[in-house]
Protein chains: 2
Amino acid sequence: MKKIRIGLLGLGQIGSGLYEILISKKRQFEKQLGVSFEIVRIAEKYPNRRRKVRPPQSLVTKDAFDVVRDPSVDVVVELIGGTTFSGEIIKTAFKEGKHVVTANKALLAEHGDEIFELAHRMRRWICFEASVGGGIPCLKALREGLVANNIESIYAIINGTTNYILTQMTETGMDFAEALKGAQKKGYAEADPTLDIEGVDAAHKLAILVRFAFGGRVKFSDIYSEGITRISSDDIAFAKEFGYVIKLLAIAKKSKNGVEARVQPTLLPKTHILASVNQSFNAVMLRGDETGDVMFYGRGAGPHPTASAVIADLMDISKRDIDGPVDDETVIRALGSEIEIKSITTILSRYYLRFYVIDQPGVLAGISKILGRHKVSISDMIQRERSVGKVVPLILLTHEAPEKDVRAAIRVIDRLSFVKGKSQVIRIEEAGS
Amino acid sequence: MKKIRIGLLGLGQIGSGLYEILISKKRQFEKQLGVSFEIVRIAEKYPNRRRKVRPPQSLVTKDAFDVVRDPSVDVVVELIGGTTFSGEIIKTAFKEGKHVVTANKALLAEHGDEIFELAHRMRRWICFEASVGGGIPCLKALREGLVANNIESIYAIINGTTNYILTQMTETGMDFAEALKGAQKKGYAEADPTLDIEGVDAAHKLAILVRFAFGGRVKFSDIYSEGITRISSDDIAFAKEFGYVIKLLAIAKKSKNGVEARVQPTLLPKTHILASVNQSFNAVMLRGDETGDVMFYGRGAGPHPTASAVIADLMDISKRDIDGPVDDETVIRALGSEIEIKSITTILSRYYLRFYVIDQPGVLAGISKILGRHKVSISDMIQRERSVGKVVPLILLTHEAPEKDVRAAIRVIDRLSFVKGKSQVIRIEEAGS
């Protein structure tokens with residue numbers, strides 16, 4: 001039987017989950033899959049912290065370099081997170097001839113060039129299924145199952161925290177702050193939720209998806225991202241009236257004149273399959289030129305789903321000649337020339353615009369005149385409450401318009417005396433529905 | 001560069017689609033994937049039929065045995081369909097030392113034991129991603145991506161024809177016959193639609209899913225299947241009032257006392273993600289003990305989606321040592337002891353019951369008394385139209401009850417003088433939503 005000797009870095013939530021499964025299903029994997037996974041070394045900064053699992057003390061070290069330099073280790077599983085130390089340790093692992101499995105999306109998004117280059121140069125496996133979509137085998141589908149396709153677009157819900165918050169807001173009408181508190185209480189949001197609610201986590205994952213879907217280097221800072229902190233319960237209610245739900249979407253599209261890639265709150269038709277992806281679930285929809293739309297749905301986080309993805313990577317590695325040199329064509333392609341991502345200001349989109357205005361004659365005329373002057377044309381409108389002299393919401397949906405024209409128009413509109421506060425601008429996507 | 005020499009059996013819709021992609025993307029696959037796919041021989045019964053593609057006449061033979069016995073062929077791609085001739089030819093291919101890729105779900109469902117056994121004995125690859133879910137890489141996900149999981153249940157929409165028909169009925173209120181005609185016109189249903197509308201095609205695919213999800217032999221005839229021909233527009237409308245949609249579901253569940261596996265029209269909560277799978281789209285939802293629910297969605301049929309799956313299989317084969325002996329652990333597991341599938345009469349379910357009754361006093365009392373006597377209790381009811389002396393629909397939803405008790409009760413009810421025609425019985429599944 002094949003034996004894979006694992007060096008595990010990090011015994012936090014995910015590391016503990018992985019340890020638990022590899023121990024409890026050891027016999028099952030040996031019998032059914034013909035491979036024996038042995039955890040031969042574990043690095044953990046706080047070895048004495050209370051946790052669910054208790055590996056033999058003899059395996060545990062505080063120094064991650066002990067693990068990656070241990071000659072008995074075949075594969076290093078990096079579950080430390082962060083980008084600085086984890087980057088160093090992974091690079092050392094490759095130099096020591098180890099294969100690497102990681103769930104670290106921030107590292108791969110921000111320092112993917114270095115990591116993938118070194119993996120390729122050292123001819124070792126770099127596997128990272130767990131980095132996007134947790135337990136959903138979406139990268140395997142992209143890199144193997146859809147190999148006959150040129151990927152044309154990506155529409156993805158890849159942050160469980162924000163999807164949970166938006167679902168709560170949609171179902172109960174509560175506002176963002178309250179929904180965030182609820183998410184924190186239930187463990188769906190961290191004490192410092194910034195990376196999630198500002199869209200950075202989703203952008204990390206999108207960078208990885210774009211890299212492997214379109215084949216080439218991706219400069220992370222080129223990916224525009226916008227979070228959900230400014231989405232109000234009003235916006236969700238008005239979107240609903242127009243037949244839309246609001247989702248934080250990671251979007252990438254290939255077109256004749258370049259690639260778009262961005263994370264943004266989006267109005268999505270409520271009949272679209274992604275509109276039914278609720279709570280903390282994730283989904284990645286890829287459009288292949290042969291298959292059309294294909295979608296992968298499931299739990300995007302959590303110790304066991306994430307560990308499930310790590311084990312799938314370990315299985316894949318075990319099926320190859322682990323001592324031989326690795327040629328991973330998908331990694332080579334992902335090291336190709338840089339994918340030029342268009343600036344957000346150059347994109348075309350339909351828009352949802354929400355203004356708070358003083359209810360007085362001439363308001364709609366004033367706003368629509370400015371939009372018209374910037375060649376932004378209106379497709380739909382809601383101005384429900386009539387309350388002369390009071391501040392009321394005014395909602396406009398636009399036809400497709402260049403982002404820069406919309407921005408220019410909004411800058412002018414926001415200075416009008418009867419417009420109160422900052423206007424809300426949310427892009428609308430039909431997403432091929 | 002690795003070269004894979006393909007013998008193609010069948011140049012119908014799917015065969016032509018495959019040929020087209022392998023020719024038009026030849027350079028791309030060579031450059032990006034490092035593999036050269038060469039079609040070295042093609043068998044087609046009607047070589048002169050008009051079709052989109054025109055392979056060189058020198059490659060084409062009428063005799064499929066020419067192809068599988070050709071020493072220059074590495075992999076045989078079987079796209080003939082049917083179970084008798086295709087079975088013979090695949091077995092010959094294995095005996096000749098070829099690997100086999102097939103899209104043939106009927107063959108694998110009905111004669112899987114023979115085919116998988118011979119593949120295993122000859123130590124050749126048998127790949128069949130295209131047999132379930134067309135272009136959706138769901139079998140790869142099941143066999144590789146979810147390898148760390150014990151699969152607990154399967155809920156799948158795996159027949160595009162019936163899903164298209166039910167979607168049309170739901171969206172427009174048309175009846176089954178009219179929706180079928182529309183589906184035939186649009187090419188979503190065949191001239192003889194029996195295998196689709198009676199649930200046989202879905203049962204074939206379910207047999208393959210069960211085999212690889214639960215690991216063991218499956219006797220196809222043990223899988224209960226029921227089609228959609230008796231679903232009326234009334235049923236769809238009443239289901240909607242209760243908050244359900246009607247879908248043809250392929251269901252399998254593992255429980256302490258055995259495995260359930262069946263294809264049936266099902267009332268599914270309209271908030272369930274599978275309820276949003278419409279038109280001719282397919283979706284396979286698997287529940288893993290580590291991942292929870294994971295779903296794969298896309299086009300379940302069509303030449304290009306299906307060819308996409310075939311090419312993914314070819315790629316997988318190309319990554320291995322194609323001359324060496326094959327050990328496919330998932331195939332070995334699928335040849336394990338037979339999975340005992342429980343008889344449909346022993347299952348527990350909730351039910352939707354629709355009776356046409358003469359509107360007269362005592363009808364509801366009479367029916368509910370009989371149900372009660374069989375220990376079937378009612379959870380909900382609709383008896384809308386009042387039209388004394390006329391025939392009106394009466395809809396009851398039940399709590400969970402044993403199938404055999406419901407059947408016994410229905411037999412008695414159907415004999416009541418005020419009950420007209422055969423009663424409708426549709427199972428309800430919450431499917432973990």
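Modeller: Start with the buried residues of helix α6 of chain A: A:Cys138, A:Leu139, A:Lys140, A:Ala141, A:Leu142, A:Glu144 and A:Gly145. This is a predicted model. The helix runs over residues 138-145 of chain A and is mostly covered, with 7 of its 8 residues buried. A residue counts as buried if 20 or more other C-beta atoms lie within 10 Å of its own.

What covers these buried residues? From chain A, the cover includes α10, β11 (281-288), β12 (292-299) and α12. From chain B, it includes α6 (138-145) and α12 (303-318).

The same surface serves both copies, as 100% of the contact residues of chain B recur in chain A.

Next, the core. The largest nonpolar core has 296 residues. Those with the most contacts inside it are A:Ala156, A:Leu206, B:Ala156 and B:Leu206. Take B:Ala156 and set aside its neighbours within four places in sequence. B:Ala156 is then in contact with B:Leu206, B:Leu209, B:Leu249, B:Ala250, B:Ala283, B:Val284 and B:Met285.

Take α10(A) (residues 200-215), which packs against α5(A) at an angle of about 60°, with the axes 8 Å apart. The two helices are therefore oblique to each other. α5(A) passes α10(A) in a left-handed crossing. On the α5(A) side, the contact uses A:Lys105, A:Ala106, A:Leu108, A:Ala109 and A:Gly112. They meet A:His204, A:Lys205, A:Ala207, A:Ile208 and A:Arg211 of α10(A). An α-helix has 3.6 residues a turn, so residues three or four places apart point the same way.

Chain B has its own α5 and α10. Here α5(B) (residues 105-122) and α10(B) (residues 200-215) pack at about 60°, with their axes 8 Å apart. That makes α5(B) oblique to α10(B). The crossing of α5(B) past α10(B) is left-handed. From α5(B), B:Lys105, B:Ala106, B:Leu108, B:Ala109 and B:Gly112 take part. From α10(B), the partners are B:His204, B:Lys205, B:Ala207, B:Ile208 and B:Arg211.

As for α12(A) (residues 303-318), its axis comes within 8 Å of the axis of α1(A) (residues 13-24), and the two cross at roughly 65°. The crossing of α1(A) past α12(A) is right-handed. α1(A) brings A:Gln13, A:Ile14, A:Ser16, A:Gly17, A:Leu18 and A:Ile21 to the contact. α12(A) brings A:Pro303, A:His304, A:Thr306, A:Ala307, A:Val310 and A:Ile311.

Most residues other than glycine have a negative phi. A:Arg123 has a positive one, near 55°. A:Arg123 sits in the loop between α5 (105-122) and β6 (126-127) of chain A. With 13 C-beta neighbours inside 10 Å, A:Arg123 counts as partly exposed. In chain B, B:Arg123 also has a positive phi, of about 55°. B:Arg123 lies in the loop between α5 and β6 (126-127) of chain B. It is partly exposed, with 13 other C-beta atoms within 10 Å.

α11(A) (residues 233-241) has A:Asp235, A:Ile236, A:Phe238 and A:Ala239 as its buried residues. Just after α11(A), A:Gly243 takes a positive phi of about 90°.

Last, two exposed loop residues of chain A. A:Asp63 is in the loop between β3 (60-61) and α3 (64-68). A:Asp63 counts as exposed, with 10 C-beta neighbours inside 10 Å. Its C-alpha lies 6.0 Å from that of A:Ala43, 20 residues apart along the chain. A:Ala191 is in the loop between α8 (176-185) and α9 (194-197). A:Ala191 has 5 C-beta neighbours inside 10 Å and counts as exposed. From A:Ala191 to A:Lys181 is 10 residues in sequence and 9.4 Å in space, C-alpha to C-alpha.

Terms used
Residues are numbered from 1 along each chain as its sequence is written. Chains are lettered from A and ligands numbered from 1 in the order in which they are written. This is a predicted model: local features need pLDDT of at least 70, side-chain atom pairs count only at pLDDT 80 or more; totals for chains, interfaces and linings use all residues. Two residues are in contact if their C-beta atoms, placed from the backbone, lie within 7 Å. A nonpolar core is a set of buried Ala, Val, Leu, Ile, Met, Phe, Trp, Tyr and Cys residues joined through C-beta atoms within 7 Å. A residue is buried if 20 or more other C-beta atoms lie within 10 Å of its own, exposed if 12 or fewer, and partly exposed in between; C-beta atoms are placed from the backbone. Axes are lines fitted to C-alpha atoms, for helices over the stretch in contact, and angles run from 0 to 180 degrees between N-to-C directions. Helices (H or I, at least four residues) and strands (E, at least two) are DSSP runs, numbered from the N terminus. Angles under 35 degrees count as roughly parallel, over 145 as roughly antiparallel, 65 to 115 as roughly perpendicular and the rest as oblique. A crossing is left-handed if the near helix is turned anticlockwise from the far one by less than a right angle, and right-handed if clockwise.
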